[in-house]
Amino acid sequence: MNGQSLADQIAVDLAQLKARIAVINNFPLPEHSAEFEKVHALLQQALAKVLKKKITTTGIFTTALANDVKLFQKRVNLPVSGRVGPSTWKVLTAAAALTSP
């Protein structure tokens with residue numbers, strides 16, 4: 001971890017994720033752009049860890065992935081939409097950081 005504490009590394013990872021989300025939220029990206037796929041891959045990995053289920057990391061937002069987002073939102077008492085807004089990202093990344101592999 002390059003001499004960083006786990007909390008510092010999580011903060012760096014979260015900052016990078018927020019930067020990627022800001023890019024997507026502020027600019028219409030082509031659906032299959034590399035940045036778009038990176039964010040979806042991070043989402044898939046975090047949901048797999050938190051929901052403790054196998055989710056293949058494809059980088060593509062599918063109906064199945066939207067259903068997994070809804071399941072997560074329901075479990076943590078967030079509004080259930082299947083969309084990943086700032087509240088869902090915040091709770092999901094925090095939960096993923098606290099969840100054992």
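Which residues are exposed on the other side of helix α3? They are T63, K74 and R75, and the legends below set them in context.

**Figure 1. Overview of the predicted protein chain, with four helices and zero strands.** The coordinates are those of a predicted model, in which local features need pLDDT of at least 70, side-chain atom pairs count only at pLDDT 80 or more, and totals for chains, interfaces and linings use all residues. Residues are numbered from 1 along each chain as its sequence is written, and side-chain values use heavy atoms, with hydrogens and water left out. From the N terminus on, the order of elements is α-α-α-α; helices (H or I, at least four residues) and strands (E, at least two) are DSSP runs, numbered from the N terminus. Of the 101 residues, 30% are buried, where buried denotes under 20% relative accessible area, exposed over 50%, and partly exposed the range in between (1.4 Å probe, protein chains only). The chain exposes about 6600 Å², of which carbon and sulfur atoms supply 59%; accessible areas come from the Shrake-Rupley method with a 1.4 Å probe, and for residues only the protein chains shown count as cover. Among contacts (heavy atoms within 4.5 Å) between residues at least 6 apart in sequence, 28% join residues at least 24 apart.

**Figure 2. Confidence along the protein chain, by pLDDT.** The mean pLDDT (the predictor's confidence in each residue, from 0 to 100) is 82 for the chain, and 83% of the residues score at least 70. Helix α1 (residues 6-26) has the lowest confidence, with a mean of 69, whereas α3 has the highest, at 93. Where pLDDT is low, the predicted coordinates should not be read in detail.

**Figure 3. Helix α3 (residues 63-75) and its buried face.** The 13 residues of α3 reach 18 Å from the first C-alpha to the last, close to the 18 Å expected at 1.5 Å a residue; the expected span is 1.5 Å times one less than the number of residues. Its buried residues are L65, A66, D68, V69, F72 and Q73. Seen down the axis of α3, these residues fall within an arc of 160°, so they line one face of the helix; the arc is that of the directions from the helix axis to the C-beta atoms. An α-helix has 3.6 residues a turn, so residues three or four places apart point the same way. The buried residues of α3 pack against α2 (34-51) and α4 (86-98). On the other side of α3, T63, K74 and R75 are exposed.

Figure 4. V69 is buried, with a relative accessible area of 1%. Apart from neighbours within four places in sequence, V69 is in contact with L43, L47, F61, G82, R83, V84 and T88. V69 and T88 are 19 residues apart in sequence, and their C-alpha atoms are 8.5 Å apart in space.

**Figure 5. Q73 in helix α3 and its polar contact with R83.** Q73 counts as buried, at 1% relative accessibility. A polar atom of the Q73 side chain lies 2.9 Å from the backbone oxygen of R83. A polar contact is a pair of N or O atoms within 3.5 Å; within protein, one must be able to donate a hydrogen and the other to accept it, and residues adjacent in sequence count only if both atoms are side-chain atoms. Leaving aside neighbours within four places in sequence, Q73 is in contact with L78, P79, V80, S81, G82, R83 and T88.

**Figure 6. V76 in the loop between α3 and α4.** V76 counts as partly exposed, at 32% relative accessibility. V76 and T88 are 12 residues apart in sequence, with 9.3 Å between their C-alpha atoms. Just after α3, N77 takes a positive phi of about 60°.

**Figure 7. V50 in helix α2 and T93 in helix α4.** V50 is buried, with a relative accessible area of 17%. Beyond neighbours within four places in sequence, V50 is in contact with F72, L92, A95, A96 and T99. The C-alpha atoms of V50 and P101 are separated by 8.7 Å, although these residues are 51 apart along the chain. T93 counts as buried, at 16% relative accessibility. The side chain of T93 reaches the backbone oxygen of W89 at 2.8 Å. Leaving aside neighbours within four places in sequence, T93 is in contact with L14 and L17.
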